[in-house]
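Colleague: I'm new to this one. Can you put it up and walk me through it?

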Amino acid sequence: MVRTTYGTPDLREVDKPVPAEDEVLVRVHAASVNPVDWYRVTGRPYLARLQDGLRKPRSEEVGVDFAGTVEAVGGNVTRLQPGDEVFGGRTGAFADYVRARDAVAPKPANLTFEQAAAVPIAGLTALQGLRDKGQLQPGQRVLINGASGGVGTFAVQIAKWLGAEVTGVCSTRNVETARALGADHVVDYTRDDFTRSGQRYDLMLDIAGNRSWRQCIRVLDREATIVVVGGPKTNRWIGPIGHMLGMKLASLGRSREVVPFMTKLNNDDLAVLGKLLEDGTVTPVIDRSYDLSEVADAFGYLGEGHARGKIVITVSSAG
């Protein structure tokens with residue numbers, strides 16, 4: 001899949017990539033779709049084009065999350081070898097082959113390629129947001145606003161692993177999913193306003209980005225932290241960046257801290273997720289699966305904002 005203009009990506013035959021000395025070449029069996037892919041393909045918000053290219057994309061490659069089999073390794077690679085099953089993240093994952101370097105790890109044996117491909121960006125966002133930016137401690141109370149999406153389904157499970165008391169916010173059709181993933185309490189936002197619940201939380205992981213600073217502080221302890229992961233897509237000029245900056249500015253000089261952040265793909269955290277997946281502490285939730293030729297449909301469904309868990313792209317069958 002390539003994008004030569006902003007809009008729908010196209011399927012095209014290209015040369016098979018050759019790994020550099022410090023890279024591995026992975027035969028991709030599955031990939032998954034993330035909001036960052038949607039933003040890059042559509043060219044929205046327009047502010048992002050300052051980095052990606054004003055008139056047209058600087059890079060044609062599409063997709064990041066992948067799972068597959070190592071086909072070749074560069075001369076300096078020692079930790080992986082041809083035939084290894086791996087998962088990770090690298091731009092250009094919506095393809096038969098992808099080159100990977102800094103974010104590729106052994107695939108847990110108990111996961112299918114589709115399940116493993118659902119993990120990298122969403123799983124790392126949840127892990128880093130809760131553990132590193134939120135400094136979540138055992139016994140603390142965490143509110144996950146957007147508990148049924150790609151990041152949210154991982155966040156509920158990782159927060160429980162970290163020893164927190166978890167409250168998830170989601171729609172009616174996803175309440176049972178959030179409970180099954182381990183949420184201690186679930187708020188159906190179509191029926192109840194969590195910002196008027198009278199509860200207090202030590203940490204809020206704001207994935208949905210649909211509440212203002214004034215609304216959020218009603219349910220936050222005085223020294224609480226809000227980790228802002230996303231925001232509404234509606235503003236075509238600045239997109240979720242507007243919500244992130246607005247929350248940060250509103251918190252300046254206050255006791256409650258707002259922490260916007262971007263996920264960092266790396267081997268160490270992928271290895272942490274790998275262990276959690278292998279022992280069953282964390283299980284990927286997959287909503288729908290599409291073929292590589294149906295990526296445009298997958299983006300359309302993601303853009304609707306109603307996905308439960310992850311959207312997976314099947315690239316090729318293993319073997």
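Modeller: The crossing of α4 and α5 is right-handed, meaning the near helix is turned clockwise from the far one by less than a right angle. Helices (H or I, at least four residues) and strands (E, at least two) are DSSP runs, numbered from the N terminus.

Colleague: What should I know about the model itself?

Modeller: It is predicted: local features need pLDDT of at least 70, side-chain atom pairs count only at pLDDT 80 or more, and totals for chains, interfaces and linings use all residues. Residues are numbered from 1 along each chain as its sequence is written, and side-chain values use heavy atoms, with hydrogens and water left out.

Colleague: Back to the helices. At what angle do the axes of α4 and α5 cross?

Modeller: Roughly 45 degrees, for α4 (residues 120-133) and α5 (residues 150-161). Axes are lines fitted to C-alpha atoms, for helices over the stretch in contact, and angles run from 0 to 180 degrees between N-to-C directions.

Colleague: Which residues of α4 meet α5?

Modeller: Ala122, Gly123, Thr125, Ala126, Leu127 and Leu130. Among their α5 partners are Phe154, Ile158 and Trp161.

Colleague: New topic. What is the strand order in the open sheet of six strands?

Modeller: β8-β7-β6-β9-β10-β11, with parallel pairing. Two strands pair if DSSP finds at least two bridges between them.

Colleague: Which strands are at the edges?

Modeller: β8 (185-188) and β11 (257-260).

Colleague: How many bridges join β10 and β11?

Modeller: Four. Valine 227 stands opposite valine 259 in β11.

Colleague: Which strands does α8 lie across?

Modeller: Helix α8 (residues 240-251) lies across β9, β10 and β11. Its angle to β11 is about 155 degrees.

Technical notes:
Contact means heavy atoms within 4.5 Å.
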